[in-house]
Amino acid sequence: MPDPLPPERFRAATDAIIRSVSSVIDGKPQAVRMALVALLAEGHLLIEDVPGVGKTVLARALAASVHARVRRIQFTPDLLPSDVTGVSIFHPGSQAFAFTPGAVFANIVIADEINRSSPKTQSALLEAMEERQVTVDGTSYPLPDPFLVVATQNPLEMEGTYPLPEAQRDRFMLRISMGYPDAAAEALMLRQRDTANPLAALQPVVSVEDVSRLIAFARGVHVAPTIEEYAVALAQATRSHPDLLLGASPRSTLQLVRAAKVWAALDGRGFVIPDDVTDLLEPVFAHRLIPSRTAAGASRASDPVPQILERIAASVRVPLAVR
């Protein structure tokens with residue numbers, strides 16, 4: 001891993017990425033920031049929203065802003081696991097099998113409409129997302145570093161889809177929704193895209209080596225023991241909450257702290273504060289939790305988990321000072 005960048009170069013590089021992506025994604029600064037957090041915290045991003053709000057555009061804009069290997073996989077029912085991971089092919093000339101890498105061998109992998117493929121194909125990403133390697137015919141092949149999966153899915157259209165199982169959802173550090181743009185942003189989009197697609201004009205603003213240095217810088221952000229205890233207390237509260245059947249996993253606690261370190265670095269701080277943790281609580285935890293039937297039936301919202309997390313955050317003591 002290269003040496004970390006000085007703070008001023010970290011800020012300059014991350015600002016350049018945000019400006020580049022924001023030039024295509026109008027009026028969604030929070031979604032752009034979350035995508036950058038997933039990249040620099042070495043996690044993976046799940047973008048879940050209705051069609052036409054820019055899920056794939058956000059993923060492609062982030063990929064275009066980084067000079068790295070990028071592959072896009074359109075997940076369909078007939079997609080095979082070997083299309084994702086790769087396959088060993090027999091070559092008659094050499095009388096031997098040779099491994100042909102699949103589409104997952106890239107720095108940024110865009111998994112478009114991931115819930116349209118079969119569970120068998122979805123599971124082909126499990127090892128890649130967690131261990132950053134692919135095993136084919138008993139041989140393991142390391143994936144490029146850095147490695148980010150940005151997956152999109154439509155949560156409303158259920159016909160012909162295969163919902164992601166809990167084990168796969170737990171691999172994603174963050175889940176975000178784009179939401180509809182406001183009137184001003186939508187009008188600006190009409191003017192900008194009337195004659196050209198701004199995505200085609202994007203040029204890389206950082207190299208893959210720069211991304212590695214940005215990751216190293218974020219790793220060095222200080223997390224006090226009281227902040228770690230606060231993150232653990234929040235996770236444990238989800239495991240004992242009466243309205244939740246499934247609480248947050250230990251992996252989610254680790255990823256919450258990693259994401260909070262990047263969040264703090266983007267704010268220009270070398271240390272994590274409680275607000276960094278609570279700001280990321282829903283994006284990191286919500287997609288991993290399963291509400292009880294009673295809670296789901298009693299809630300007026302389609303998804304009661306965000307409200308449950310709000311109550312948990314209000315009930316857990318916030319550290320007032322670090323030690």
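A crossing is left-handed if the near helix is turned anticlockwise from the far one by less than a right angle, and right-handed if clockwise. I wrote that down before looking at α2 and α11, whose crossing is right-handed.

**Ground rules.** I am working on a predicted model, where local features need pLDDT of at least 70, side-chain atom pairs count only at pLDDT 80 or more, and totals for chains, interfaces and linings use all residues. Residues are numbered from 1 along each chain as its sequence is written, and side-chain values use heavy atoms, with hydrogens and water left out.

**Entry 1: α2 on α11.** I took helices as DSSP runs (H or I, at least four residues), numbered from the N terminus. Helix α2 covers residues 29–40, and its axis sits 9 Å from that of α11 at an angle of about 120°. For the axes I used lines fitted to C-alpha atoms over the stretch in contact, with angles from 0 to 180 degrees between N-to-C directions.

I then listed who meets whom, with contact meaning heavy atoms within 4.5 Å. Q30, R33, M34, L36, V37 and L40 in α2 meet A259, V262, W263 and L266 in α11. Sorted by class, I get eight nonpolar, one polar and one charged residues for this contact. Here nonpolar is Ala, Val, Leu, Ile, Met, Phe, Trp, Tyr, Cys and Pro, charged is Asp, Glu, Lys and Arg, and polar is the others, Gly among them.

**Entry 2: L40 and the cores.** Which residues have the most contacts inside the largest nonpolar core? They are L40, L58, L174, L280 and F285, in a core of 77 residues. A core here is a set of buried Ala, Val, Leu, Ile, Met, Phe, Trp, Tyr and Cys residues joined through side-chain atoms within 4.5 Å. I also found a second, separate core of 25 residues, which includes V104, V134, L143 and F147. Back at L40, I skipped neighbours within four places in sequence and found contacts with F10, T14, V211, L214, I215, A218 and V262.

**Entry 3: α10 and its two partners.** With α11 (residues 250–266), α10 packs at about 145°, axes 10 Å apart. This contact uses A231, V232, A235 and R239 of α10 and P250, T253, L256 and V257 of α11. I count six nonpolar, one polar and one charged residues in it. The crossing is right-handed.

With α15 (residues 305–315), helix α10 (residues 225–240) packs at about 130°, and the axes are 10 Å apart. So α10 is oblique to α15. This crossing is right-handed too. Y230, L234, A237 and T238 in α10 meet L309, I312 and A313 in α15. The classes come to six nonpolar, one polar and no charged.

Entry 4: Is A237 buried or exposed? At a relative accessible area of 18% A237 is buried, since buried means under 20%, exposed over 50% and partly exposed in between (1.4 Å probe, protein chains only). Leaving out residues up to four places away in sequence, A237 touches I312 and V316. Its C-alpha is 9.0 Å from that of A313, 76 residues away in sequence.

P7, in helix α1 (residues 7–22), counts as exposed at 54% relative accessibility. I also checked P7 against V205: 198 residues apart along the chain, with C-alpha atoms separated by 18 Å.

Terms used: Helices (H or I, at least four residues) and strands (E, at least two) are DSSP runs, numbered from the N terminus. Angles under 35 degrees count as roughly parallel, over 145 as roughly antiparallel, 65 to 115 as roughly perpendicular and the rest as oblique.
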